[in-house]
Amino acid sequence: MTEAELFDPKGLIRDAFAIEGIGAPECRSIFLDWALGVPPSKNPQDEVRKLLAYYLPQQPANHPMIATLQAALQDAKPPRRRGGRQGRMSQ
């Protein structure tokens, strides 16, 4: 078992780097599939850090999967209310 197989067991991230001309939307979709497969016993952000440590030296820094992985480490903004009666009445 290679190092990458420990944190990318299905090879989803590896395959994303191999796809010629892949875009950001496809990378986000692949990342979501990968993230859903992270066992509950593991911290997803730690696993993303391992992916970046492994793939960043091997891939161009402007690859959309690199940007997707880096975005996954950012703190999520709190959800905003969008619509409904309450949203219309406050205006």
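**Salt bridges and a buried alanine**

The model is a predicted one, where local features need pLDDT of at least 70, side-chain atom pairs count only at pLDDT 80 or more, and totals for chains, interfaces and linings use all residues. Residues are numbered from 1 along each chain as its sequence is written, and side-chain values use heavy atoms, leaving out hydrogens and water.

Arginine 49 has a partner: its side chain meets that of aspartate 46 in a salt bridge, at 3.0 Å from N to O (a side-chain nitrogen of Lys or Arg within 4 Å of a carboxyl oxygen of Asp or Glu). Aspartate 46 is partly exposed too, its relative accessible area being 36%. Both residues belong to helix α4, which covers residues 44–55 (helices, H or I, are DSSP runs of at least four residues and strands, E, of at least two, numbered from the N terminus). Aspartate 46 and arginine 49 are three residues apart in this helix, so about one helical turn separates them.

Helix α4 holds another such pair, glutamate 47 and lysine 50, again three residues apart, or about one turn of the helix. These two form a salt bridge in which the closest N and O atoms are 3.1 Å apart.

Searching the whole structure turns up three salt bridges. One of them joins arginine 14 to aspartate 15, with 3.4 Å between the closest N and O atoms. Arginine 14 has a relative accessible area of 43%, so it is partly exposed. Aspartate 15 also counts as partly exposed, with 36% relative accessibility.

Next comes alanine 16, which is found in helix α2, made up of residues 12–18. Alanine 16 counts as buried because its relative accessibility is 0%. Which residues does alanine 16 touch, leaving aside its neighbours within four places in sequence? Alanine 16 is in contact (heavy atoms within 4.5 Å) with Ile22, Ile30, His63 and Met65. As for isoleucine 30, it lies 14 residues from alanine 16 in sequence, and in space the two are 7.2 Å apart from C-alpha to C-alpha.

Note on methods
Buried < 20%, exposed > 50% of the residue type's maximum accessible area, 1.4 Å probe, protein only.
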